[in-house]
Each structure stands twice: as structure tokens, then as C-alpha cells.
Amino acid sequence: MSQRIAIATLLLCLALLSPARAAYDPLGGGTTKLSLDKRFASFLAKNELKLIASQGARRKARTIALPVSGGRIDPTTGKGEVEHQGTLTFEAKRKRVPLRAITVKTKHQPLLAKVGGSQLKVARAKRISSQRSGFGAQFAATQLTLTAKAATRLNKKLRPKTPFEPNQPLGKLISSPQPRLVTIEDVGRATIAFDPAFLAKLESRFVSLNPIFPAEHVGASFSFPIAAGGAISPQGTEGTLRTGGALEFLQLHAGQVFFSELWLDLGARSDSAELDLEPTPAFPGKLGRVGVLDYVPTSLSSEPKARTISVTGTLTLSAQAAQSFNEAFAQGQGPVFAAGEAVGALSFVGVGE
């Protein structure tokens, strides 16, 4: 017995010591700025070469701005990769080398691009660093130099008077991507304040409304712990917030309806749950995850520094939930509950990782 306890204790300690799993957020905005070294700009001018930004990329003097279009990053570590709109083209009088699908990876060879039909590592950095920036992160790569493969490709295509050289100073870059969706930590609670008219209707049908742990009940409000696995946009307009616990709607000696694990889909404007009608075989039992409440936002705000997203909105009964309530509680007396009737108000503050 003591040996089993020792093994169990060891396994628990190893689990606690294991590093947390990285959560990579999909990117949807931000900008990467590439600042050309004076020597590199002068080299281009002396060789009658141009570096042209197009297709969304912009150049002003020696600074090139590339809009972030995708990729993913773990904002807590700054690790990931950043994809961009835009094309950078090295151009001679009769030759050109376009760099497309420009990508920044948070490594010592940070700058990559598609040249011809293959991906090319364009530059390496002597120093790299990252830090938090709002809901996202900022990545910097300094003392960029041209890779040998990039120099070879440019020389072969452009044939400049003075050839490009491996390790030729290129400049520096700073990438400031922002996530399209923010991973939400399992802290805090979401609250539903039920509409008095809806509660009165339940009472008139002798239906009690009960929380199932870890849901809690205070007055007309029910709260649900925010669960891991959710991710929502910084604007609070898309993504899913997951909560734990359940609601039980119980009519003695009749039907029983459960809404378990309410998940709010902000984009679809629907609050889904694992819907269960009991007892069986009189009622269908578990119906799986369906939209039980329809959601309309009334207030959305975020605090990038605190990495919080605040959402409030109204909830109405979905067609599926209304059908289930009528089946369980109307007892053949016609439709008592209707799709679209007010259920209450929802509010929560999500905390980004």
C-alpha cells in the first residue's frame, strides 16, 4: 500500500512540475515594420536597384510596413509565426525578384518569403526579443543580415554590378501582431439575471429553477464558472466562452429539463448547452449540444492593458428550447413557451491569458 502511495505521489509531483501547454492564439491584425540599414539602402541605390512595396505593403523612406494577415502566437512566451499581406520586389532595369507570402518567425532566422516556387530564409538576426503588448505580443529582431541563399538568389536574378554578400547588413524588424481570438483563462464567472416575467411563467407552471454545481444561485441571478477552452475576440464579437455547471428546470411528477455547460457563441449569437429531457422513456432524454438561448449584445468593451473583455447582452428562448419546455411542462395544453420570449440578461468579464 505504501509503495502505491509513493508512486501516486511521484506522478502527481511530475504532473505539477510539467510545463504548461502553450496556447497559440490565431492572429488577425497588427503590423510588422522592417527598417532598412542605411548601408543596405545605399548599396541598392549605387547598383541602380529598387526595393518596391506593393499589394498592401507600404514603404516610406527606409521603413517598410507589412500588415499582419494571419499566423499564430503564444502571447505569454512570444513564440509563433506571423503572416503578412504584401509583396516586396527587388527590381533592376530588366530583372525583378518578388518576395511573396512574407512570414516572420520568432527565431534567429526570422524573415522568410516565397521566392519563385519555394520558401527562402531571407535574413538572420543577431538578437531577438519579445514582450507583451495588449492582448498580443511584440517581437523584435535586430542586426539583420542577408542569408547566403538569399544573396545567391538575388545575384543570380538581378546580376548587380556589386554583388550581394552573405551576412550583408539588412536592418531590423519589429512585429506587433494582435490576436483575432484571445484564449480565455478559467477565472471569474458569467452571470444570467433572469427576467421576472419568465420566472413568473415558470412558477405558474409549478416549475422550479435550480443550479447544479458549480453553478450558483443568488436571488434572481445564476452564475457559472468560466471554463478553460474558450477563446473570444478582443472586441467581444466572435469566439466562444465556455462555462461549467448546469440549470435544472423541474416540474414535480412531470418533466425535467437540463441545460448543461452553457457555451456562448458570440458570432452565432447563440448560447448552446447539452440539452436533456427527462424522465425517459416518456421524454427523449439527451439531445446533445443545441442552441437553447439566443443572444443579442448590448455592451462590448475591452481593456488591452488588463487583458479583459467585458460583454453584456440579452437572452431569449430559442425555438428548440421552447419546444422542449412545452413538451415537458405544457402537458398538452398548447404552446405555453414561445421562441423569442425574454429570458434574462447575460454578463461576464473574460480574462485573456
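**Exercise 1.** Determine whether Ser-347 is buried, partly exposed or exposed.

*Solution.* Begin with the classes, in which buried means under 20% relative accessible area, exposed means over 50%, and partly exposed lies in between, for a 1.4 Å probe and protein chains only. Ser-347 has a relative accessible area of 29% and is therefore partly exposed. The model is a predicted one, in which local features need pLDDT of at least 70 and side-chain atom pairs count only at pLDDT 80 or more, while totals for chains, interfaces and linings use all residues. Residues are numbered from 1 along each chain as its sequence is written, and side-chain values use heavy atoms, with hydrogens and water left out.

**Exercise 2.** Locate Ser-347 in the secondary structure and list its contacts beyond four places in sequence.

*Solution.* Ser-347 belongs to strand β24, residues 342–351, where strands are DSSP runs of E with at least two residues, numbered from the N terminus. Taking contact as heavy atoms within 4.5 Å, and leaving aside neighbours within four places in sequence, one finds Ser-347 in contact with Arg-189, Ala-190, Thr-191, Val-311 and Thr-312. A further spatial relation is with Ser-310, which is 37 residues from Ser-347 in sequence, with a C-alpha to C-alpha separation of 7.6 Å.

**Exercise 3.** Describe the protein chain by its secondary-structure elements and its spread.

*Solution.* The protein chain has five helices (H or I runs of at least four residues) and 24 strands. Its radius of gyration, taken over C-alpha atoms, is 29 Å, well over the 20 Å that the globule rule (2.2 Å times the number of residues to the power 0.38) gives for 353 residues, so the protein chain is more spread out than a compact globule. Along the principal axes, the C-alpha trace spans about 90 × 60 × 35 Å.
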